[in-house]
Amino acid sequence: MPDLGEVSVDGPGAVGAVPPLQAQWCPSPNFGTRRDGLRPSLVVVHYTAMQSAEAALARLCDPAAEVSAHYLIGGDGRLWQMVSEDQRAWHAGAGEWSGLDDINSRSIGIELDNTGTHPFSEPQMAVLEVLLTQILARWSIAPEGVIGHSDMAPGRKSDPGPRFDWARLANLGLARAVPATLRTSLLDPGVALEDMLRRYARDLGYTAAVDDMTLLSALRSRYRPWATGPLVAEDLAPLAQSEIWV
């Protein structure tokens, strides 16, 4: 494993009221230049699906693995940085968002030490909140630009999974806010639920070519993780964008 050092996670545009984080610098060889002059407009949240943060760190820094991320947050709140934010880490893989591919060139990747089978810890979420606050300010990324791996690669990826607290981030302005109430119904009696789901999901950025059930699974993982069974009208409500539909 490479030698560790400390790096301040801060920079022009960071929110002054938030103290800069001190990340352990563990450089990964698995990165390149962002293509076509692209700069980050997304943040992709992952879980590691490994048994420890140290095991994940070793893999993310292993040239044979050909994977990396910009940051890794341990369950105890420890923070590592492996790739500079202005570089292209290899974390997202195949997929698309809002009709755009090469998500690696368009995003910053954050790995969370979690197997996907248990809740994300309070120390981990607290560090993630500070890190996201600074990243969004540094790169002028809107809260809607914070997405999960499963959002841009539905069916292929399932992280950060149904145990991740998206509502917590949304309440802090660090992810897309879900309208609490609607003044009018999203339902159109002349249009099939599946067609409306796909249309509303596409408006939010879900443009990957997947079947209806795969899309529904990705949306429920983020917005209705308790839901099961076939598509129902309630699956549409979290997708509402009041400025478009209400």
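Leaving aside its neighbours within four places in sequence, which residues is Asp 86 in contact with? They are Arg 34 and Trp 139, where contact means heavy atoms within 4.5 Å.

Before going on, a word on the source. This is a predicted model, in which local features need pLDDT of at least 70 and side-chain atom pairs count only at pLDDT 80 or more, while totals for chains, interfaces and linings use all residues. Residues are numbered from 1 along each chain as its sequence is written, and side-chain values use heavy atoms, with hydrogens and water left out.

Back to Asp 86. It lies in the loop between strand S6 (79-81) and strand S7 (87-89). Helices (H or I, at least four residues) and strands (E, at least two) are DSSP runs, numbered from the N terminus. The C-alpha atoms of Asp 86 and Arg 39 are separated by 7.2 Å, and these two residues are 47 residues apart along the chain. Asp 86 has a relative accessible area of 46% and is therefore partly exposed. On this scale, buried means under 20% relative accessible area, exposed over 50%, and partly exposed in between, with a 1.4 Å probe and protein chains only.

Now the interior. A nonpolar core is a set of buried Ala, Val, Leu, Ile, Met, Phe, Trp, Tyr and Cys residues joined through side-chain atoms within 4.5 Å. The largest one has 27 residues, and those touching the most other members are Ile 110, Leu 128, Ile 135, Phe 164 and Leu 169. Among the elements that each supply at least two residues are strand S2 (21-25), strand S8 (107-112), helix H3 (122-139) and helix H5 (166-171). Which of them gives the most? H3 does, with eight residues.

Take Leu 169. Not counting residues up to four places away in sequence, Leu 169 touches Met 125, Leu 128, Glu 129, Leu 132, Phe 164, Leu 174 and Ala 175.

Glu 129 is itself in helix H3. Is Glu 129 buried or exposed? Its relative accessibility is 16%, so Glu 129 counts as buried.

By class, the largest cavity is lined by four nonpolar, no polar and three charged residues. Among the lining residues are Leu 216, Tyr 223, Arg 224 and Asp 235.

Note on methods. 1 Å grid on protein atoms, 1.4 Å probe; cavity = no way out; pocket = protein on both sides within 12 Å on 5 of 7 lines; lining within 4 Å. Nonpolar A, V, L, I, M, F, W, Y, C, P; charged D, E, K, R; others polar.
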